Amino acid sequence: MTWTRTRTLALALFASIALNLFFAGIMIGRFDRWHGEPKSRDHGASMTRKIERALGDSLTPTLRERLEAHSETMRESRRESRDKRDAIRDTLLQEPFDRTAYLQALESMNEVFDRMRAETHSFMIDIVEQLTPEQRRKLVKSLGRHRMDDND
């Protein structure tokens, strides 16, 4: 089999397409697909840190105590959640597979999620009840996504 000009062009075409797809993937990956904006400094921060940054010096000592209590509760819940995920993984790796144990591990994880959700809702109600209307507006502005038709 001889190396022909057609094979050389086909190889060059394949290499060109592969390179173009590679660079297109890099460019697409650099865009923020959710907001089209650069990530803020609060991206990935805990809710308590976001509230502290949003309200700053206007937080009362009572609110600060509630923020710290919530942070501690959520730290413990995340630790427990990690342990439950490990238990689920261990159950999946058991031989033979035990459906009942797996369902119990999943239910145990759901209980942790339910407690986390209840704590977060309770926390937000406690916090928001104590805020002034101006503080609530400031908090909503810092936490929420803004629609294009908002005039704020």
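Okay, to start, a helix axis here is a line fitted to C-alpha atoms over the stretch in contact, and angles run from 0 to 180 degrees between N-to-C directions. Helices are DSSP runs of H or I with at least four residues, strands are E runs of at least two, and both are numbered from the N terminus.

Quick housekeeping: this is a predicted model, where local features need pLDDT of at least 70, side-chain atom pairs count only at pLDDT 80 or more, and totals for chains, interfaces and linings use all residues. Residues are numbered from 1 along each chain as its sequence is written, and side-chain values use heavy atoms, leaving out hydrogens and water.

So, what's in the chain? Five helices and zero strands, running α-α-α-α-α from the N terminus on.

Now the pair I'd like you to look at. Helix α2 is residues 47–55 and helix α3 is residues 61–93; their axes come within 9 Å and cross at roughly 160°. Angles over 145 degrees count as roughly antiparallel, and α2 and α3 are therefore roughly antiparallel to each other.

Which residues meet there? From α2, Thr48, Arg49, Ile51 and Glu52; from α3, Leu67, Glu68, His70 and Ser71. Contact means heavy atoms within 4.5 Å. The residues of this contact of α2 with α3 split into two nonpolar, three polar and three charged. Charged means Asp, Glu, Lys and Arg; nonpolar means Ala, Val, Leu, Ile, Met, Phe, Trp, Tyr, Cys and Pro; the others, Gly among them, are polar.

Terms used:
Parallel < 35°, antiparallel > 145°, perpendicular 65-115°, else oblique.
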